[in-house]
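This report considers how one chain is divided and which parts of that chain take part in contacts.

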Amino acid sequence: MTEILWHGRGGQGAFTAARLLGAAYSLRDDNSYALAFPSFGPERRGAPIRAFTKFADKPIGDRSEIQKADYIIFLDDTLFSDNAFSELKPEGKILLNTKRHINDERVITLDGDTLAADILGLPITNTVMLGAFAAVFDGIDLSDIEKAINENMPQKLHRKNIAVVTAAAKSIKKGSDI
Amino acid sequence: MAKRFLSGNEAFAYGIRLAKPQVISAYPITPQTIVVEKLSEMVEDGSLESEFIHVESEHSALSCAMGASAVGARAFTATSSQGLLYMAECLVYASGGRFPIVMMNANRSTALPWNIYGDQRDSISQLDSGWIQAYAENAQESLDFALMSYYIAEQKQVSTPFMVNLDGFVLTHTYEVVDVPSSEQADAFLPPYETENKLDLLKPKNLAFSAGPEHNTAFKYKEHIGMLNVKKAVADAEERFAEIFGRRYTGLTESYFTEDADYILITLGSIAGLVKETVDKLREKGERVGLLRLRYLRPFPNEEIAESVKNAKAVAVLEKDISFGNEGTVYTNVNSALQKSKISIPTSNYIGGLGGKNISQAEIETIFYDLKQEKFKVRFLSVGGDLK
């Protein structure tokens, strides 16, 4: 099983990204399964929230929150600290939206705020980080993400979000070539 | 059929749309709200032709559904926790009046302390209300129950309302892949509701009347027979369902590696998924363990339980309920089933998941190992301390 933990703030769309990712993974064929859920409780704008996506090649019975993740994705770098590594599996990776440079090979950074501002015209980085994840994780293609966006988001959001997903994936690929 | 990535609530709403109730009356309450919101959107966008009635309380929601059923309409409502308790007076009216209403209940803890998270104390407190009670494991089964519940409830020899229970949040708010049948398939499965138990100007009759001491027992006897007839109706519905949709269900219970199991855990609802994974894990280590999932609590699967555990060395019941001063009510019912079939094996009761508390795989493994080590008890998971 692959376990992906999302950190964001209420209103940033972390759960929407978790759900789009689950749809992208599980709707591509009959042997791929996913669960996606938010941390349950009252919803407050700006408060830290977590969301979860799990992938497997058989139905997933464990509906509990992820304790140790293969990937941790931060939509907001004010939520990131060294504590994050305690939630990471040994070979795990952290995807961090930040303008800072983090000197740790487990952490992959991306200036998602600038991409979101340029393409969406909004400080919303959930689909940016979805594109970044697609570039890092071999088991999913950009076309799967595109399909999930088309099937699960309102139509007026399709074009710009697909554009920002593609740009984020490119930016990660370019970074890894250097 | 089309694959969709849906939450339990959404899957249930898609199932209800396929069942085409003529009247939906409901009052929102967490964690049920989404199923009602989704259905109101479907009525608004024209994809479901139904009278959607906003009511001022759960008591009114079920009263309204009864009014609809009493003129021969197919009716739906949904609730949770305190809402279910608030409509409790109407539950017995609906069952005594033999109105085959379907209700989704999002299982949630009951106050106090106030808590919005999942356990099964709300519905289990209403086992004697005369409603059929089913418990879904996942979003697919939730959608399929939405369709099958009407077929079963509306059989003339059943004519009993049907409560489908989904664990709050872990099922109602968790997204997973669901096959959504086509409208044509659903229509082939579920015929329109026809009944003589309705107010009809051409055939005037009295409904929802009084019956004094002389006749009351006969009505309650007939209600009991109607509930006992559910078992056959479930078998018929599942056969028909498998032919049309290609998914086969297993009656009042589901057995998972019970045939040769020495130790069997009996449970209900969505935690069964984690128990299955735990059974797989322990089987790989050579442990002869199994799961019996109770898909229905009313009618109670007495024979199925006895048949499944008759060769086991011990069984445990894991439930999200406690009847204070006694034990979990499912446990009481299971012991009664064993006693009636003269099966004399040790049993244990584990009370877990109260107020949404997570039940871990390690805790489930411990239950199996405790059975193996002949530690039999009534115990609250995560609190510790044996109660007997």
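## Basis and domain division

Domain bounds here come from an automatic or database domain assignment. On that basis, chain B is divided into domain 1 (2-245) and domain 2 (253-380), and 27 Å separate the centres of these two domains of chain B, taken over C-alpha atoms.

This is a predicted model, in which local features need pLDDT of at least 70 and side-chain atom pairs count only at pLDDT 80 or more, while totals for chains, interfaces and linings use all residues. Residues are numbered from 1 along each chain as its sequence is written, and chains are lettered from A and ligands numbered from 1 in the order in which they are written.

## Contact between the domains of chain B

With two residues counted as in contact if their C-beta atoms, placed from the backbone, lie within 7 Å, 26 residues of domain 1 of chain B are in contact with 20 residues of domain 2 of chain B. On the domain 1 side, at least two residues each are supplied by α6 (121-124), β6 (132-135), β7 (162-167), α9 (213-228) and α10 (230-245) of chain B, where helices (H or I, at least four residues) and strands (E, at least two) are DSSP runs, numbered from the N terminus. The most comes from β6(B), with 4 residues.

## Contact between chains B and A

The contact between the chains takes 18 residues from chain B and 16 residues from chain A. On the chain B side, β1 (2-7), β8 (175-180) and α11 (272-284) of chain B give two or more residues, and α11(B) gives the most, with 4 residues.
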